[in-house]
Amino acid sequence: MSAIKILVIPGSLRTGSFNARLAALAAKELALAGVEVTRISLADYALPIYDADHEAQSGVPRPAVDLKHMMGQHQGVLLVSPEYNASVPPLLKNAIDWVSRVRERGEPPLQVFRGRAFAIAAASAGKFGGMRALMALRQILTLGLGATVIPQQMALSAADHAFTDDDQLKDTRDAEALRGVVRQLIDVAQQMR
Ligand code: FNR
């Protein structure tokens, strides 16, 4: 059987983003586990803020269709999100909203969210580690979109001090938590294949 494919999506474009660094480390762990990994940047899927008039006049923008196709080529998706005001930042929420509007070839609604395994992680300099963003993101994915989101998740607190100079996690408990997410994502993605 061919190697399982996992897509990693950081929810921040900020230079030096803690979430992008955590996503890069997760991608390394996934590769070490024998998975075929794709790590993208949402900068390559530039989208206007969702507007139903825009959709009615011009349809769903091409980058949203491309992002949906990218998700569709993978059996698992890991979202690594910052926390803004106790929730999911607009960059990631907007991308999810647009992808949820893509309808193709008579497939059932939200098929791309339902046919694969999702995992979520967050990093924040604060003490909650983006936990409230994770709660919101889990709700969006499960209640809103019918996705399977694995129980294990990672909230990396004090992220401004959590990484070594070569972008490993200093605390072995953090490193083990990340590996736990990676292992469970692979397991569930394999089961859903
Ligand atoms: C934040 N930040 C933040 N952090 C947090 O832990 N809880 C929060 O509710 C918020 N709220 C919030 C709102 C807005 C508008 C901004 C811009 C920022 C801080 C945020 O987590 C921090 O900037 C992270 O470094 C962002 O993630 P990246 O870009 O480092 O991945």
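The following legends describe close-up views of a predicted model.

Local features required pLDDT of at least 70 and side-chain atom pairs pLDDT 80 or more, while totals for chains, interfaces and linings use all residues. Residues are numbered from 1 along each chain as its sequence is written, and side-chain values use heavy atoms, without hydrogens and water.

**View A. Packing of helix H3 against helix H4.** Helix H3 spans residues 62-72 and helix H4 residues 90-99; helices are DSSP runs of H or I with at least four residues, strands are runs of E with at least two, and both are numbered from the N terminus. The two axes lie 9 Å apart at an angle of about 85 degrees (axes are lines fitted to C-alpha atoms over the stretch in contact, and angles run from 0 to 180 degrees between N-to-C directions). H3 is therefore roughly perpendicular to H4, a term covering angles of 65 to 115 degrees. Ala64, Leu67, Lys68 and Met71 of H3 meet Ala95, Trp98 and Val99 of H4, where contact means heavy atoms within 4.5 Å. Six of these residues are nonpolar, one is charged and none is polar (Ala, Val, Leu, Ile, Met, Phe, Trp, Tyr, Cys and Pro count as nonpolar, Asp, Glu, Lys and Arg as charged, and the others, Gly among them, as polar).

**View B. The largest cavity.** Its volume is about 80 Å³. A cavity is a set of points on a 1 Å grid over the protein atoms alone where a 1.4 Å probe fits but cannot get out, and lining residues have an atom within 4 Å of a point. The volume is the space filled by probe spheres set on the points, which are joined across faces, edges and corners. The lining consists of Ile9, Leu42, Leu67, Met71, Leu79, Leu92, Ala95, Ile96, Val99, Phe113 and Phe118. H3 and H4 each supply at least two lining residues, and H4 gives the most, with four. All eleven lining residues are nonpolar.

**View C. The second largest cavity.** Lys68, Val99, Val102, Glu107, Pro108, Pro109, Leu110, Gln111 and Val112 form its lining. By class, this lining comprises six nonpolar, one polar and two charged residues.

View D. Ser81 counts as buried because its relative accessibility is 1% (buried means under 20% relative accessible area with a 1.4 Å probe, protein chains only). Beyond its neighbours within four places in sequence, Ser81 is in contact with Asn19, Val88, Pro89, Leu92, Ala121, Ala122, Ala123 and Leu137.

Terms used:
Parallel < 35°, antiparallel > 145°, perpendicular 65-115°, else oblique. Buried < 20%, exposed > 50% of the residue type's maximum accessible area, 1.4 Å probe, protein only. 1 Å grid on protein atoms, 1.4 Å probe; cavity = no way out; pocket = protein on both sides within 12 Å on 5 of 7 lines; lining within 4 Å.
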